[in-house]
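Subject: Structure handover

Hello,

Please find the structure below. Notes on what was found in it follow.

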Amino acid sequence: MPTLMIQGTTSDAGKSTVVAGLCRALARRGVSVAPFKPQNMALNSAVTVDGGEIGRSTALQALAAGVEPHSDMNPVLLKPESDRGAQVILRGRVHGHMDALDYHAYKRTARESVLAAWQALSSRYDVIIAEGAGSPAEINLRANDIANMGFAEMVDCPVVLVGDIDRGGVFAQLVGTLELLSASERSRTRGFIVNRFRGDMALLQPGLDWLTERTAKPVFGTLPYLQGLLLDAEDSVGLHGVASDAAALRVVVPALPRISNHNDFDPLRLHPQVELSFVGPGQAIPAADLIILPGSKSTRSDLAWLRAQGWEAAIRRHLRYGGKLLGICGGLQMLGRAIHDPDGLEGPAGSTLGLGLLEFETRMVAGKQLRNVSGRLLPDGVPIGGYEIHNGVSEGPALARPLCELDGRPEGAVSDDGQIMGSYLHGLFDQPQACQALLARCGLHDGGAVDYAAHRQRELDRLADTLEQHLDIDALLA
């Protein structure tokens with residue numbers, strides 16, 4: 001079946017946004033299209049319609065295509081747990097834990113899952129827009145590659161190479177990448193897309209003409225830098241504050257080493273009355289109205305990092321002065337009395353004392369809980385929804401005072417004075433009414449509602465409009 005693969009000269013060259021834009025543009029033309037990412041390494045993930053887990057950016061691309069996200073769209077997902085090891089997820093399900101060398105050897109077997117998923121997806125859609133990972137010119141990773149040219153060669157699909165001109169050296173990126181490919185890989189690379197250009201096209205055109213003459217391959221288009229584009233990130237998180245009104249609600253989030261699903265905070269980035277700051281290692285912890293402890297892929301390890309960075313004392317001081325505290329998923333687990341991991345599911349086996357701010361304990365158990373859920377915030381009754389992705393099971397009296405009700409069951413916890421809240425729910429702020437109600441509890445009583453779902457759709461249309469204007473999509477289809 002027709003498959004086009006978008007690869008990049010580097011990580012963050014813009015592959016994910018180009019694939020999302022193409023999926024939306026083709027869907028608007030009436031084409032049955034689906035995204036596909038053979039292998040992804042990311043801590044931002046989503047729950048699929050078949051109860052699996054895939055990278056968040058691929059789920060966004062499915063939304064762009066107007067289809068339900070499915071585990072076939074991202075058959076290999078690697079969730080880093082340390083600098084050398086990751087949880088390996090095959091076709092939506094946890095396969096196990098491997099260090100980098102073991103997985104490098106395992107790729108020969110993983111390619112079977114990739115091929116089976118691509119074949120299954122191709123039987124259901126007319127066009128597949130595939131996305132590479134990192135760069136196809138990573139020489140040390142070429143053996144048994146399934147993420148870039150290894151996949152393209154396996155299914156015999158054409159490739160378009162994206163280069164990011166905003167970071168500089170785009171012609172060296174594109175030509176250098178080609179030079180490091182094999183003859184067959186260069187042949188299947190049909191042309192280029194220059195991404196994130198700001199300036200006068202008249203000054204760029206001589207370089208584009210040289211590139212075409214040098215490589216005998218066309219430039220399908222030059223995409224402008226889209227100011228303010230905010231869509232679900234694959235993994236990277238900016239550590240800078242988000243400027244807002246002087247009287248805004250101040251929200252601070254520690255940028256944990258293994259922070260996961262930080263797209264939970266995108267609605268807060270958009271809120272005109274919220275000032276959101278991510279605080280990285282070694283940075284001063286600013287005063288805030290609300291501190292949010294985010295999700296984590298290695299909760300005990302990240303809790304140790306928090307303590308080493310002085311967060312435990314800062315949180316207790318914050319609470320003494322009346323500040324609010326919210327924990328999401330791994331952040332919820334940190335709020336309890338202890339975290340037990342007897343089987344070493346998220347690192348070395350053992351137990352760690354929690355912050356002790358809520359009366360419950362968490363035990364890591366095999367069998368990850370994956371589900372899309374909906375319900376209502378308590379006691380307000382406003383609708384709330386999202387997804388759960390976690391191993392831990394929490395038990396204790398604090399859970400008898402839940403934050404919300406999801407699918408008819410109580411979920412989360414709230415302290416007796418309402419100052420501390422916690423939940424396993426990702427997407428707490430996605431529903432406009434729930435976002436407004438939660439921020440009101442933290443002091444923003446006259447804050448408006450942010451409809452993040454509508455924002456996503458507008459941004460995807462904006463992205464597709466840009467591609468329609470600046471890319472030769474008909475040539476890409478051909």
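A residue is called buried under 20% relative accessible area, exposed over 50%, and partly exposed in between, using a 1.4 Å probe and protein chains only. The model is predicted, so local features need pLDDT of at least 70 and side-chain atom pairs count only at pLDDT 80 or more, while totals for chains, interfaces and linings use all residues. Residues are numbered from 1 along each chain as its sequence is written, and side-chain values use heavy atoms, with hydrogens and water left out.

An unreviewed UniProt entry lists Cys329 and His426 under "active site"; such annotations may be inferred rather than shown by experiment. The two are spread over 98 residues of sequence but cluster in space, with a largest C-alpha distance of 7.4 Å.

Cys329 sits in the loop between β18 (324–328) and α11 (330–335); helices (H or I, at least four residues) and strands (E, at least two) are DSSP runs numbered from the N terminus. Cys329 counts as buried because its relative accessibility is 5%. Leaving aside residues up to four places away in sequence, Cys329 touches Gly295, Ile389, His390, Ser423, Tyr424 and His426, where contact means heavy atoms within 4.5 Å.

His426 is in the loop between β26 (420–423) and α12 (432–441). With a relative accessible area of 1%, His426 is buried too. Its contacts, again without residues up to four places away in sequence, include Asn261, Asp264, Cys329 and Tyr387.

Regards
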